[in-house]
Amino acid sequence: MEVSLAHYLAVSGLLFAIGMAGVLLRRNILVIFMCLELMLNAANLSLVAFTRFHLVDGLPNFNAQVLVFFIITVAAAEVAVGLAIIVALFRKMQTTHVEDLNSLKF
Amino acid sequence: MNPLVLEVLVVSLGIALLMVEAFSPKPDKRLLAWIGMAGLATVFVLTFFVGTVPPGSPTAAFYTADSFAIFFKRFALVSTILVLAMSIDYLPVVARFVPSEREGGGLGEFLALPVLTCAGLMWMASAADFISIFVSLELVTISFYVLVAYMRRSNAGLEAGTKYLILGALSTGFVVYGITWIFGMTGQTNLRAISEVVTGGYPAANIPALLFGVGLVIIALGFKVAAFPFQFWVPDVYQGAPTPITAFLSVGSKAAGFVVLLRVLEPFSAVPAIWEKLSAVLAVVAGATLIYGNLAAIPQQNLKRLLSYSSVGHAGYLLMAVASIGAVLPGREAWPAIGFYLAAYLLMTFLAFFVLAVAGGDEISHFNGLARRAPWLAAALLVSMISLAGIPFTAGFLGKLLLFDVALSAGNYVLVGIGVLTVACGFYFYLRVVGAMYWQPVPDGAAPIRVSVTAKVAMALLAVLIFVLGVFPQPVLSLLD
């Protein structure tokens with residue numbers, strides 16, 4: 001069977017959906033954070049698939065492939081800052097559960 | 001001079017501040033704020049001498065320096081200068097909540113990061129390609145994660161930081177996936193190239209998928225500008241973040257979000273088949289944002305939370321104008337009204353947050369009898385509140401008038417009706433703060449309020465500008481045409 005653009009897009013959509021469901025349903029901040037990374041990787045997969053299957057004069061649009069590298073880099077920066085904040089949170093409150101974040105209410 | 005020089009200078013300034021922090025033995029960090037403010041003021045002056053990007057140069061593909069972009073670069077510079085000025089007085093509060101072994105430790109980054117954020121905001125104003133939009137958006141967002149969570153011995157600060165982190169990262173996921181689909185359906189990442197593709201006989205079969213991508217990008221920007229239903233992070237984050245950063249979030253981040261929103265929507269507003277759907281969605285979001293922001297502000301007892309709901313409400317007025325772009329107001333005709341409103345919003349919001357930062361408490365009851373304890377401070381908050389409410393002869397009134405005019409000429413009568421009703425609502429909750437200051441008794445044992453010279457100068461300048469722009473808006477409008 002030939003693997004077509006639709007297959008890649010389906011996998012990527014699935015990854016995105018799993019990531020978003022995880023963000024909405026899970027209660028552990030670390031797991032939520034992993035799910036957020038999953039959403040970014042879903043976008044990377046479909047970007048690469050779109051460039052691979054939309055060749056112009058036999059060449060892909062390299063802009064989108066460069067964007068993939070930027071997304072990977074930004075995701076790494078986001079993880080560095082995000083984990084630092086989660087560590088600070090754990091040191092202060094001894095928890096990584098979203099239910100315990102309830103001091104700000106009106 | 002190539003306008004890109006401005007951002008390069010601001011980034012260098014931010015790095016220089018970090019170097020000074022690392023190698024200077026002085027424990028007094030106020031010096032950093034002064035260097036930062038002087039540097040940013042220099043860049044502000046330089047914005048009047050930059051040329052345009054030569055078309056066809058490699059820079060022009062991802063960077064534009066039209067008058068709108070230059071206006072918002074100045075906007076970002078002014079807000080950052082004000083944030084640094086506010087931080088000078090706020091540093092002792094931050095120091096209490098930052099663990100450090102020596103005096104003044106861990107405070108330098110609080111003054112260097114806003115400068116780097118400013119560079120991101122300036123890039124966002126100029127971004128003409130989805131790659132540069134994404135990277136500059138993330139530069140701003142990631143710096144804000146650190147700044148919001150900066151006070152890491154405060155439960156509220158950490159909680160606000162974590163909430164902002166999760167929801168900011170979620171909106172990053174949406175924007176990236178949206179860009180992916182826009183790229184997939186047009187084959188381009190450049191906004192001008194996308195515009196050429198969608199206006200030149202775009203196949204109708206691809207429109208739903210393209211709308212899916214644009215919709216995701218609008219959701220992500222809805223998070224940034226605090227539009228309903230993506231506003232739920234706003235009250236908590238605004239309340240928990242350090243006050244200067246709250247002001248920065250509320251002004252800088254929102255303005256940059258609107259600039260990017262306008263730029264992203266520009267190619268699609270020229271295609272009726274796409275735009276009729278998008279503008280309907282935007283109109284619904286605008287109406288819901290107006291109603292939610294203004295109604296939810298009514299029961300608030302905390303001024304910071306009240307300002308956060310008011311910030312949601314003001315996003316609604318701006319979205320009302322964004323939704324009115326279309327056949328009657330094609331291209332960029334509505335942009336000056338939006339730019340002017342954001343400028344007015346900068347003045348009045350920063351004035352309110354300056355008073356909040358020096359008053360030393362955010363409950364509204366804390367401001368009881370402020371008119372007798374500190375008459376000038378009360379007068380400053382009064383000016384800010386009447387401008388936010390939209391009383392004539394203030395910049396806030398004129399800004400609202402321009403936005404309503406835009407919506408009226410586009411025939412959005414329902415939105416205008418909602419807008420007028422919510423303005424009436426706004427009168428109630430803004431003037432409640434004024435009532436507390438002028439008609440409530442002074443609480444027993446209230447400590448005297450000390451206001452530094454920097455804050456006094458900044459507040460006086462902002463208050464005067466609110467009235468000047470309220471009767472004489474031409475200087476700002478001429479920068480925007």
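Predicted model: local features only at pLDDT ≥ 70, side-chain atom pairs only at ≥ 80, totals over all residues.

Biologist: Let me start with B:Thr180. Is B:Thr180 buried or exposed?

Modeller: The general idea is to compare the relative accessible area with a cut-off: buried means under 20%. B:Thr180 has a relative accessible area of 0%, so this residue is buried. B:Thr180 belongs to helix 6 of chain B, which covers residues 155-186.

Biologist: Which residues does B:Thr180 touch, not counting residues up to four places away in sequence?

Modeller: They are A:Ala43, A:Ser46, A:Leu47 and A:Phe50. As for polar atoms, one in the side chain of B:Thr180 lies 2.8 Å from the backbone oxygen of B:Val176.

Biologist: Now the surface. Which residues make the nonpolar surface patch of about 610 Å²?

Modeller: The patch is made by B:Met1, B:Val5, B:Leu9, B:Val45, B:Phe48, B:Phe49 and B:Leu479. Take B:Val45 as an example: it sits in helix 2 of chain B, residues 30-46. With a relative accessible area of 45%, B:Val45 is partly exposed.

Biologist: And how many disulfides does the structure hold over all chains?

Modeller: In general, a disulfide is a covalent bond joining the sulfur atoms of two cysteines. Here the count over all chains is zero.

Biologist: What is the relative accessible area of A:Cys35, and what is that of B:Cys425?

Modeller: A:Cys35 has 11% and is therefore buried. B:Cys425 is buried too, at 17%.

Terms used:
Residues numbered from 1 in each chain as written. Chains lettered and ligands numbered in written order. Heavy atoms only, no water. Helix = DSSP H or I, 4+ residues; strand = E, 2+ residues; numbered from the N terminus. Buried < 20%, exposed > 50% of the residue type's maximum accessible area, 1.4 Å probe, protein only. Polar contact = N/O pair within 3.5 Å; in protein donor to acceptor, adjacent residues only side chain to side chain. Contact = heavy atoms within 4.5 Å. Patch = residues over 30% accessible without salt bridge, like charges linked within 9 Å, V, L, I, M, F, W, Y side chains within 5 Å. Areas by Shrake-Rupley, 256 points an atom, 1.4 Å probe, with all protein chains shown as cover. Salt bridge = Lys/Arg side-chain N within 4 Å of Asp/Glu carboxyl O. Disulfide = S-S within 2.5 Å.
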